Amino acid sequence: MSDDEKPEPLHDERRPAYHDVRDDFDDEFGRSMTPREIVRRMVMVPAIAFIVIGVLGILGMCVAEAFLLFENLGRALNGRSQHWFNIILGTLGIAVAMTLFGMTIAGGVNMLQLRRRWLALFAAYVVASLSLAGCYAILFFPFGVWGLVLLYRPDVRREFPRAKKDQAEIDFDEPQRRSERE
């Protein structure tokens, strides 16, 4: 072999082209997905959005509480009862909002895990009701509607497990069933 000859490569060094056959062999090729995996992928984006919206809502409520106290605490300590009322009422409203946003986070997590459909539905209704919150809510509103549409689909509904009755509930319901039969 002379110096101007290149040795032949051990593998094909050509660059993949668009629509090359090798483009089709990715991780999902030929793999059949179960209905549960399909549903999990469908609800992933709204579920993650619910978690992000919940975190942003809690952070926003913390900032709102700080501003509420900053504006009213000094005046309330000077003896103005109106400002105490503002602090108490505002803090209660912020606590309710933080609870709702916390449940939105929990609903998003449960939606990702395909558990507790009622909590995922609650989170979807909370996020959809953010349309009442002003102009910035338009960013979050579509995720709530998207979540509601998905959660009411029959194929998605089937993948959320039904709660099983424990023995105490079965024993409690049994006398009622006997009386209905008679």
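Which residues does Arg-117 touch, not counting residues up to four places away in sequence? They are Leu-151, Tyr-152, Arg-157 and Phe-160, where contact means heavy atoms within 4.5 Å. Welcome to this structure, which is a predicted model: local features need pLDDT of at least 70, side-chain atom pairs count only at pLDDT 80 or more, and totals for chains, interfaces and linings use all residues. Residues are numbered from 1 along each chain as its sequence is written, and side-chain values use heavy atoms, with hydrogens and water left out.

**The chain as a whole**

- The protein chain has six helices and zero strands; helices (H or I, at least four residues) and strands (E, at least two) are DSSP runs, numbered from the N terminus.
- Reading along the sequence gives the pattern α-α-α-α-α-α.
- The protein chain has 182 residues, and 25% of them count as buried. Here buried means under 20% relative accessible area, exposed means over 50%, and partly exposed lies in between (1.4 Å probe, protein chains only).
- Take the contacts between residues at least 6 apart in sequence: 61% of them join residues at least 24 apart.

**Arg-117 and charge**

- Arg-117 is found in helix H3, which covers residues 117-128.
- Arg-117 is buried yet has no salt bridge, a salt bridge being a side-chain nitrogen of Lys or Arg within 4 Å of a carboxyl oxygen of Asp or Glu.
- For Arg-117, the nearest side chain of opposite charge is that of Asp-155, 9.9 Å away. In this scheme Lys and Arg count as positive and Asp and Glu as negative, while His and the chain ends are not counted.
- Side chains of opposite charge can pair when their charged atoms come close.
- The count of salt bridges comes to one. Asp-155 forms a salt bridge with Arg-153, and the closest N and O atoms are 3.0 Å apart.
- Asp-155 is partly exposed, with a relative accessible area of 23%; Arg-153 also counts as partly exposed, at 34% relative accessibility.

**How H3 and H4 pack**

- Two packed helices are described by the angle between their axes and the distance between the axes.
- H3 packs with helix H4 (residues 141-151) at an angle of about 150 degrees, and their axes are 7 Å apart. The axes are lines fitted to C-alpha atoms, for helices over the stretch in contact, and angles run from 0 to 180 degrees between N-to-C directions.
- On the H3 side, the residues making the contact include Arg-117, Ala-120, Leu-121 and Ala-124; on the H4 side they include Phe-143, Gly-144, Gly-147 and Leu-151.
- The crossing of H3 and H4 is left-handed: the near helix is turned anticlockwise from the far one by less than a right angle, whereas clockwise would be right-handed.

**Phe-143 in H4**

- Phe-143 lies in helix H4 and is partly exposed, with a relative accessible area of 28%.
- Phe-143 and Pro-46 are 97 residues apart in sequence, but 5.6 Å apart in space, C-alpha to C-alpha.
- Not counting residues up to four places away in sequence, Phe-143 touches Val-45, Pro-46, Ala-49, Phe-50, Ile-53 and Val-127.

**Two loops to look at**

- Leu-114 lies in the loop between helix H2 (81-112) and H3. Leu-114 has a positive phi of about 55 degrees although it is not a glycine.
- Arg-116 is in the loop between H2 and H3 too, and its phi is near 45 degrees, a positive value in a residue other than glycine.
- Ser-129 lies in the loop between H3 and H4 and counts as partly exposed, at 38% relative accessibility.

**Glu-65 in H1**

- Glu-65 has its place in helix H1, residues 35-77, and counts as buried at 17% relative accessibility.
- The side chains of Glu-65 and Thr-91 are joined by a polar contact of 3.0 Å. A polar contact is a pair of N or O atoms within 3.5 Å; within protein, one must be able to donate a hydrogen and the other to accept it, and residues adjacent in sequence count only if both atoms are side-chain atoms.
- Glu-65 touches Gly-90, Thr-91 and Ile-94, not counting residues up to four places away in sequence.
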